[in-house]
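Keep the sequence and the model open as you read.

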Amino acid sequence: MEQRHLGRTGLRVSRIGLGTLTWGRDTDEHDAADLLKAFWEAGGTLVDTADVYGDGEAEHLLGQLIEGLVPRRDLVISTKAGSVPDPDRRFDGSRGHLLAALDASLARLGTDYVDVWHIHAFDPFTPLEETLQALDLAVSSGRARYAGVSNYCGWQLAKAATWQLAAPGTRTRLASTQLEYSLLQRGVEREVLPAALDLGIGLLPSSPLGRGVLTGKYRHATPADSRGASEHMAPFVAPYLDDTATRIVDAVTIAADGLAVTPLQVALAWVRDRPGVAAPIVGARNAHQLTAALSVEALSLPDEICRALDDVSAPLHRYPDHDWSTL
């Protein structure tokens, strides 16, 4: 699998990442082992997790598979901290919480360091410089090799990255930002992506298949074994089952038929090759689904197909989303 630099750093990652959102909950240890082995054998390196996935079980499961199944040195492990199960405070970006969470993640993963450590979301109740100092401490102590953020909007990302570049002392440059990005969700193109491109931050798209909708599986009905039929995942899928999504999925299906490939391959290739994207994170439930996603490696969409998909899925860009000169 082709390797790409993560932002403006020397770290190289596979251009498709393996997500573990369902590990320890819907994906058991046997399926997780099959997924990781298939990913590794295909040349994949980037494995993404978080301390809240499966209440820590995703990290624990990944830790059990490292070395026993796949050598640690062959993986680029990314995890996140900052989300908390507190209805009054969903995110805790305090230095104390973040560093404690990192230590707990390392214990579950059974490793001395993570390759990339992300702040899971912006915490409006903690000074940003305190949150960012946790990244500096994690990297300077060797517990993380690189650092990034997740779910930061445009001004939050720009402020954080600029602080790290301009503040006095030894600061850790932001290597990456992780947000949802697909043909069904192009909101990052308004301000986040321009900021990331300008500041040299690599984008790691989550839900690159539109929460599974872009595969076409929901075109006529909701499969009984799909996330859309799952009690806790159905609300996650539902927003992408409207008329707008239907038009986009139909266009993807037409493109796939014309290229003799699958809608999954078309949708994944489109987001993988967008400017600024380092690696979409694919959250397959089993090895069969992952193999289907990894088959996109040989596919590059023709320019006319990209333009057609761009047009049918184009988000509304108006003042002041972009420079005045472009409007």
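This is a predicted model: local features need pLDDT of at least 70, side-chain atom pairs count only at pLDDT 80 or more; totals for chains, interfaces and linings use all residues.

Which residues form one aromatic cluster? They are F122, Y152 and W155. Residues are numbered from 1 along each chain as its sequence is written, and side-chain values use heavy atoms, with hydrogens and water left out.

**Aromatic pairs**

- A pair of aromatic rings is described by the distance of the centres and the angle of the planes.
- Rings of Phe, Tyr and Trp (its six-membered ring) pair if their centres lie within 6.5 Å; planes under 30 degrees apart are stacked, over 60 edge-to-face, and the rest tilted.
- The count by this rule is three aromatic pairs.
- F122 and Y152 pair edge-to-face, with 5.4 Å between centres and 85° between planes.
- This pair links distant parts of the chain, 30 residues apart. F122 is in the loop between β6 (114-119) and α4 (128-140). Y152 is in the loop between β7 (144-150) and α5 (154-166).
- Helices (H or I, at least four residues) and strands (E, at least two) are DSSP runs, numbered from the N terminus.
- F122 also pairs edge-to-face with W155, at 5.6 Å centre to centre and 70° between the planes. W155 lies in helix α5, 33 residues from F122.
- Both F122 and Y152 are buried. Buried means under 20% relative accessible area, exposed over 50%, and partly exposed in between (1.4 Å probe, protein chains only).
- F122 counts as buried because its relative accessibility is 16%.

**Charges over rings**

- A charge sits over a ring if NZ of Lys or CZ of Arg is within 6 Å of the ring centre and within 35 degrees of the ring normal.
- R72 lies over the face of Y113, 4.3 Å from the ring centre.
- R211 places its charged end over the ring of F236, at 4.2 Å from the centre.

**Salt bridges**

- The whole structure holds 19 salt bridges (a side-chain nitrogen of Lys or Arg within 4 Å of a carboxyl oxygen of Asp or Glu).
- R4 bridges to D273, with the closest N and O atoms 3.0 Å apart. R4 is in strand β1 (residues 3-5) and D273 in the loop between α9 (263-272) and β10 (281-282), so the bridge ties together parts 269 residues apart in sequence.
- R4 is buried at 16% relative accessible area, whereas D273 is partly exposed at 36%.
- R274 and D310 meet in a salt bridge at 3.0 Å, N to O. R274 is in the loop between α9 and β10 and D310 in helix α11 (residues 303-313), so this pair joins parts 36 residues apart in sequence.
- R274 is buried, with a relative accessible area of 17%.
- Shared partners join E2, R4, R15, R272, D273 and E297 into one salt-bridge network.

**Second largest pocket**

- Its volume is about 420 Å³.
- A pocket is an open set of points on a 1 Å grid over the protein atoms alone, where a 1.4 Å probe fits, with protein on both sides within 12 Å along at least five of seven lines; lining residues have an atom within 4 Å of a point.
- The second largest pocket is lined by 17 residues, and the closest to its centre are V52, S83, V84, R90 and H120.
- The lining has eight nonpolar, five polar and four charged residues.

Key. Grid points are joined across faces, edges and corners, and a volume is the space filled by probe spheres set on the points. Ala, Val, Leu, Ile, Met, Phe, Trp, Tyr, Cys and Pro count as nonpolar, Asp, Glu, Lys and Arg as charged, and the others, Gly among them, as polar.
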